[in-house]
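Thanks for coming. I will go through one model, starting with a question about charge and then moving to the core.

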Amino acid sequence: GNMIGCAGMQALAASSFFLNLTFLDVSGSMIGNAGMQALAASPFFPKLNSLFASANEIECGGIQALAVSSFFPTLNSLNVSGNRTGDTGMHVFAASSFFSELNSLNVSASLISSAGMQALAASPFFPFVSSLDVSRNQIGCG
């Protein structure tokens, strides 16, 4: 990945030149929580349907910002694998009605345990998910 970092993500999020963007991959770009928060607060990506933000040191704060954002009505593919989502982040995802169009969710290697998976499994807000990657987590069976 490149190292656009938080400042680069904030600049991208503030730009009104990407109103027709449908796919954004910022994987491994070190955007962190602040970068994800800037993206989640941006009204300039109304047609975005795929967001890949893996391996960016995003924690629950960045995940929460995305989960409560109404700026991505067409998002159907989300990859936030390799971040520090954790069980708290999964609970935030599970409670969000803004992901109702998702058909692909990748949260692999995201420090999730069985408690986080139970929250996701009990959520009524993912009716169209047909691809779910939860590999490399500590889900277990107990």
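Which side chains meet in a salt bridge? A salt bridge here is a side-chain nitrogen of Lys or Arg within 4 Å of a carboxyl oxygen of Asp or Glu. The side chains are those of Arg84 and Glu59, at 3.3 Å from N to O. By this rule the count is one salt bridge. Arg84 sits in the loop between β3 (77–79) and α4, and Glu59 in the loop between β2 and α3, so the pair ties together parts 25 residues apart in sequence. Helices (H or I, at least four residues) and strands (E, at least two) are DSSP runs, numbered from the N terminus.

Before going on, the background. This is a predicted model, where local features need pLDDT of at least 70 and side-chain atom pairs pLDDT 80 or more, while totals for chains, interfaces and linings use all residues. Residues are numbered from 1 along each chain as its sequence is written, and side-chain values use heavy atoms, without hydrogens or water.

Now the core. A nonpolar core is a set of buried Ala, Val, Leu, Ile, Met, Phe, Trp, Tyr and Cys residues joined through side-chain atoms within 4.5 Å; buried means under 20% relative accessible area, exposed over 50%, partly exposed in between, with a 1.4 Å probe and protein chains only. The largest one has 32 residues, and Leu51, Leu78, Phe93 and Phe99 have the most contacts inside it. Its largest share, four residues, comes from α3.

Back to the pair: Arg84, at 40% relative accessibility, counts as partly exposed, and so does Glu59, at 34%.
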